[in-house]
Amino acid sequence: MDIKSELNKAKLFQNLELLSKQVVEGFISGIHKSPFHGFSSEFAEHKIYNTGESTKHIDWKLFARTDKLYTKRYEEETNLRCHMILDNSASMYYPEVKELSLNHLNKIGFGVLAIAALMNILKKQRDAVGLSIYAKNYDFYVSEKSSERHFQMLLGQLNSVANVSTGATETRTYHYLHQIAEKLHRRSLIFLFSDMFQTEVEEAQLFEALRHLKYNKHEVVLFHLMDKAHELEFDFDNSPKRFLDVETGTHIDLYAENIKEAYHQKVQQYIDDLKLKCSQYRIKYVQADVGADFSTVLNTFMVERQKFV
């Protein structure tokens, strides 16, 4: 099978803005199941009341519904700067998806929709958002703004990302993370969406690039995207298969069962090393399975935003 040609047939969502709203609304409708019980669709306009604060801005109607104290957070208190970074390398187009939808996502589709959903929330809060996209080159950068025109421009850019695969190209993630870090001068909340695939000899450089993102007091969250069943568990039936490296074009023919245990140990060791380095650099590491929903991403955003402001 010509995987590259199949990937290039993939179509992005028919209406990214509408779908991102559905993701957010679905999350909010189920929010009573989360630690954020009691937040309405305008949850970003409230913050938990701390003992000793003035009671002037307590939302008593919300208290009557939830039996918990929240104060109203006004617009000037909520504004923040948020920068999204999206890895658009060839490996992000796995697994093969002929037409992206909410229930059929590859890694790039998951990343695009997650960013669009976060932008939907940021827009409601009048927060400023910027975007960087890299693959073989540092393809796109725009600084943080909060205008409607700016958000529509970002949605258009995201809409175009998954229409064409970057093909078999190696990506030096660490190189572009350094460039992005140099561009972000004002303190920001940074979200990186990547599958973090690198060769072993590049791991030290990758970790140092992650550390660079922390300069200037930025808060950084790494969403490590993966198709967990296949890329971590190596869950394939035990028939002969050809495995293709979509970034280099090299391939290997084998029975999955013969290497499953060794493969899983190797990948898990890399993930453990990545988690350790993130912990050392005070970067939040979040594993995001593209086969799951977006609650992990949105819950993480809510927690980090409250800490940031």
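Six strands form an open sheet, in the order β5-β4-β3-β6-β7-β10, and their pairing is mixed. Keep in mind that this is a predicted model. Start at the edges. β5 (138-145) and β10 (284-289) stand there, and each has a single partner strand, so one side of each has no neighbour in the sheet. On average, neighbouring strands are turned by 15 degrees against each other, with direction ignored.

A word on pairing in general. Strands of a sheet pair through backbone hydrogen bonds, either parallel or antiparallel. Strand β7 (residues 219-226) pairs with β10 in the parallel sense, over 6 bridges. Find methionine 226 there: aspartate 289 in β10 stands opposite.

Next, the helices on the sheet. Helix α6 (residues 148-161) packs on the sheet and touches β3 (81-87), β4 (128-134) and β5. The direction of α6 makes about 155 degrees with that of β5. Helix α7 (residues 173-183) lies across β3, β4, β5 and β6 (189-194). Relative to β5, α7 runs at about 30 degrees.

Go back to β5 for a moment. Glutamate 144 sits in strand β5 and arginine 81 in strand β3. Their side chains meet in a salt bridge, at 2.8 Å from N to O. This pair links distant parts of the chain, 63 residues apart. The idea behind such a pair is simple. Side chains of opposite charge can pair when their charged atoms come close. With a cut-off of 4 Å between nitrogen and oxygen, the count comes to 10 salt bridges.

Now follow α7 to its helix partner. The axes of α7 and helix α8 (residues 203-213) come within 8 Å and cross at roughly 15 degrees. Angles under 35 degrees count as roughly parallel, so α7 is roughly parallel to α8. Their crossing is left-handed. Which residues in α7 meet α8? They are Thr173, Tyr174, Leu177, His178, Ala181 and Glu182. From α8 come Gln205, Leu206, Glu208, Ala209, Leu210, His212 and Leu213. Sort the residues of this contact of α7 with α8 and you get 7 nonpolar, 4 polar and 2 charged.

Then turn to α11. Helix α5 (residues 107-124) packs with helix α11 (residues 295-308) at an angle of about 40 degrees, and their axes are 10 Å apart. That angle makes α5 oblique to α11. α5 passes α11 in a right-handed crossing. In α5, the residues that meet α11 are Phe110, Ala114, Ala117, Leu118, Ile121 and Leu122. In α11, they are Val297, Leu298 and Phe301. How do the residues of this contact of α5 with α11 divide? There are 9 nonpolar, no polar and no charged.

α11 has another contact, with helix α2 (residues 16-29). The axes of α2 and α11 come within 10 Å and cross at roughly 75 degrees. An angle from 65 to 115 degrees counts as roughly perpendicular, so α2 is roughly perpendicular to α11. Val23, Val24 and Phe27 in α2 meet Ser295, Leu298, Asn299 and Met302 in α11. The residues of this contact of α2 with α11 divide into 5 nonpolar, 2 polar and no charged. Look for Leu298 in both contacts: that residue meets α5, and that residue meets α2.

Finish with the backbone in two loops. Proline 95 lies in the loop between β3 and α5. The peptide bond from tyrosine 94 to proline 95 is cis, with omega near -5 degrees. Aspartate 67 lies in the loop between α3 (60-66) and β2 (70-72). Aspartate 67 has a positive phi of about 60 degrees, although this residue is not a glycine.

Definitions and conventions:
Residues are numbered from 1 along each chain as its sequence is written. This is a predicted model: local features need pLDDT of at least 70, side-chain atom pairs count only at pLDDT 80 or more; totals for chains, interfaces and linings use all residues. Side-chain values use heavy atoms; hydrogens and water are left out. Two strands pair if DSSP finds at least two bridges between them. Helices (H or I, at least four residues) and strands (E, at least two) are DSSP runs, numbered from the N terminus. Axes are lines fitted to C-alpha atoms, for helices over the stretch in contact, and angles run from 0 to 180 degrees between N-to-C directions. Contact means heavy atoms within 4.5 Å. Angles under 35 degrees count as roughly parallel, over 145 as roughly antiparallel, 65 to 115 as roughly perpendicular and the rest as oblique. A crossing is left-handed if the near helix is turned anticlockwise from the far one by less than a right angle, and right-handed if clockwise. Ala, Val, Leu, Ile, Met, Phe, Trp, Tyr, Cys and Pro count as nonpolar, Asp, Glu, Lys and Arg as charged, and the others, Gly among them, as polar.
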